[in-house]
Structure formats: C-alpha cells, structure tokens
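I would ask everyone to have the sequence and the model open while I speak.

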Amino acid sequence: MLRGGSAAGTFPAMIALVTGASSGIGEATARRLAADGAKLILVARREQRLRALADELGGATVIAIDLTEEDAPARIAEVVEREHGRLDLLVNNAGAAWRGRFAEGGWADVKRHMEINFDAVVRLTEALLPILRRSAPSSIVNVSSVAGRVARGNSGSYSAAKFALAGWTEALHAEERPHGVHVGLVLPGFVQTEGFPQRELVSHPLARRIVSRPEKVAEAIIQAGPGGKPERIVPRYYGIAVIAKAIAPWLVRRLTGGGGAMTPTTRPDAEDRGG
Ligand SMILES: NC(=O)c1ccc[n+]([C@@H]2O[C@H](COP(=O)([O-])OP(=O)(O)OC[C@H]3O[C@@H](n4cnc5c(N)ncnc54)[C@H](OP(=O)(O)O)[C@@H]3O)[C@@H](O)[C@H]2O)c1
C-alpha cells in the first residue's frame, strides 16, 4: 500500500520532508517526489541551494538549518506544524563522511560522524514522530549505507554511525508498525555525489561500474517509504557483500582490511562545507 499517496507512483496530497536536499541523493529524492506531485519541505544548511531547488520545483518549504544544532528538531517541527499541519513522509538522508583511521582521528572523529549520521536522525525523528503518527498511514526512510553492514578500514567512524542507524531503524520498524508509521531502511553502495565524489573508483575503468547514480537511490527511497519495503540495498547486487560477510567473513576481511580501493573517497577536511 502506498502511504500518503492515492495511486501507484503518484503522491498528489503527500507532504514530504527531505533532509540533505541541497545536493546528491536528497536533491534527487526531492525531484523524484515533486515529479509525482508531493509537497516538499527541504532541509539542509545551504539556503541558496534549497531556494533554487524550491523555485525549480514550483515551490517548497525551505528550512536552512544545521541538523546538529541543539534546537534544530524543535524548530523544524514547529515549521511543519505551522505550514502544513501534517507529515506523510520523512526522509532522513543528510549525512557526511570524513575518511581517517581511529589512531589518527580518535573519539573526536567518531563523535562528529555520530552527530550528523545518527544523533541528528534520532533527534529529528523524535520531534516529528507525533505528527507522523497523527498523519498515519505515513512513513520514515532512514538512509544508512552498505558501510552500515560491512565495515572497511579507513572509515570506521562512518561505519559505526551507519551500523547504529541500521540497527535502530530495524527496531523502530517493529515499534511503529502498530501506529501506522512504516519505517524503511535504504543502504546505498558507492554513489557519485558532491560529498562522495568516489574519485578513486571512477578513475578505474572496471571499478567505475560499481558506482551508482543518486536517481537510483531516490527510487529505492520511494520503495522503502511510501512503497512499504522494509529495506532496500541499492544497487541490489551490493547485497552480495552483505551475504558474503555472513557466510564467508574471512573473505570480506581480506578484501576490505587495508582500506584501499574499496574505501570510498569521502570529503577530506579541507573540502568540508561549513554552515
Ligand atoms: N554517495 C554515496 O556513496 C553514499 C553511499 C552510502 C550512503 N550514503 C548516504 O547518503 C546520504 C546522502 O549523501 P550524498 O551522497 O547525497 O552526499 P552529499 O551530496 O554530500 O549530500 C549530503 C547532504 O547532507 C546535508 N548535510 C550534511 N551535513 C548537514 C548538517 N550538519 N545539517 C544539515 N544538512 C547537512 C548536505 O547539505 P548542506 O551541506 O547544504 O548542509 C547535503 O545536502 C548520506 O547520509 C550518506 O551517508 C551515500
């Protein structure tokens, strides 16, 4: 059953909030939802990007905010209540990664990954859950990563946050089902975006074939939200890595141990975007 929509593939009355809508997967998701008639609430730090997208899509509510700020969830909930009074879909997509080994980055690096990739998702969901329950049938999609199932060297902090997000999402799925709020999990593999340019992979003639596009993930987000799927690995063949880890963990350890070519090119500190 499609939640907040009236027919397969169309969401004329849906109110959808997408975090991280200023680039990459979030922007592609906003475009995909708008094409099917959803009314959008766009959230990220870069206001000009959000306003340009809103204009292009024929109007949307823009909330320019740093999701790690203490009062961000309450401020967002207040705007949603005031301007829309309901919420049919929450897409927790905003996230970031900085590569690095634990011996170099330590707890500080784990903390900054948890703040945006896990804590911010939990806090925003807590603030919006009452309105999602009131709007049921409704849905939440949390964007984790294949790195939230299979960890590699050089991105342990990111994996820790995405593993936490996957586990928490599975529990929330069970808890919210009786309340009519479907909770879906999306685990993308390597996708070329601004924050994750995947330079090492796309420069290899063979490796570039495993790099996907944001539009593919946007489709998986629709399936895991209004489409009612509990989980989508995207592209689907990345599921092989998850199965391999369960049945032949030694093999996966050998392939991923050093954090070499399998490590995504995530945003180095020098390119980190401020507020
Ligand atoms: N690309 C991949 O290979 C890949 C693979 C697996 C999972 N993912 C996940 O997919 C999601 C989207 O990533 P992407 O590839 O589309 O990267 P991206 O192009 O860098 O997009 C990240 C989005 O998150 C927003 N964001 C980051 N920090 C924020 C903060 N503190 N407050 C508010 N918004 C913030 C950014 O907007 P502002 O900078 O304007 O705030 C941007 O819109 C992330 O959760 C990522 O972990 C990506």
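Predicted model: local features only at pLDDT ≥ 70, side-chain atom pairs only at ≥ 80, totals over all residues.

In which loop is Pro 235 found? Pro 235 is found in the loop between E7 and helix H8, which covers 239-247.

Another cis peptide bond joins Ala 136 to Pro 137, and here omega is about 5 degrees. Pro 137 belongs to the loop between H4 and E5. While we are considering loops, Asn 154 also deserves a remark. Its phi is near 80 degrees, which is a positive value in a residue other than glycine. Asn 154 is located in the loop between E5 and H5.

Let me now turn to the sheet. In general, the strands of a sheet pair through backbone hydrogen bonds, in either the parallel or the antiparallel sense. In this model there is an open sheet of 7 strands with parallel pairing, and the order reads E3-E2-E1-E4-E5-E6-E7. Which strands form its edges? They are E3 and strand E7, residues 231-234, each of which pairs on one side only. From one strand to the next, the twist averages 15 degrees.

At the E3 edge, strand E2 (residues 39-44) pairs with strand E3 (residues 61-64) in the parallel sense, over 4 bridges. Leu 42 has Val 62 as its bridge partner in E3, and Ala 44 has Ala 64. Between E2 and E3 the chain passes through helix H2, residues 47-56, and this β-α-β crossover is right-handed.

Helix H1, residues 24-35, lies across several strands: E1 (15-19), E2, E4 (89-92), E5 (138-143) and E6 (181-188). Relative to E1, helix H1 runs at about 165 degrees.

I come next to helix packing. For helix H4 (residues 102-134) and helix H5 (residues 156-176), the axes come within 7 Å and cross at roughly 30 degrees. Angles under 35 degrees count as roughly parallel, so H4 is roughly parallel to H5. The crossing of H4 past H5 is right-handed. On the H4 side the contact includes Phe 102, His 113, Met 114 and Phe 118, while the H5 side includes Tyr 158, Leu 165 and Trp 168. By class, this contact of H4 with H5 has 12 nonpolar, 5 polar and 2 charged residues.

How do the axes of helix H3, residues 72-83, and H4 cross? They come within 8 Å and cross at roughly 25 degrees, which means that H3 is roughly parallel to H4. This crossing of H3 and H4 is right-handed. Among the residues making the contact are Ile 76, Val 80 and Glu 81 of H3, together with Arg 123, Leu 128 and Ile 131 of H4. By class, the contact of H3 with H4 has 9 nonpolar, no polar and 3 charged residues.

That concludes my presentation, and I welcome your comments.

Definitions and conventions: Residues numbered from 1 in each chain as written. Axes fitted to C-alpha atoms, helices over the stretch in contact; angles between N-to-C directions. Helix = DSSP H or I, 4+ residues; strand = E, 2+ residues; numbered from the N terminus. Parallel < 35°, antiparallel > 145°, perpendicular 65-115°, else oblique. Left-handed = near helix turned anticlockwise from the far one by under 90°. Contact = placed C-beta atoms within 7 Å. Nonpolar A, V, L, I, M, F, W, Y, C, P; charged D, E, K, R; others polar. Pairing = 2+ DSSP bridges. Right-handed = clockwise from strand over helix to strand, strands pointing away.
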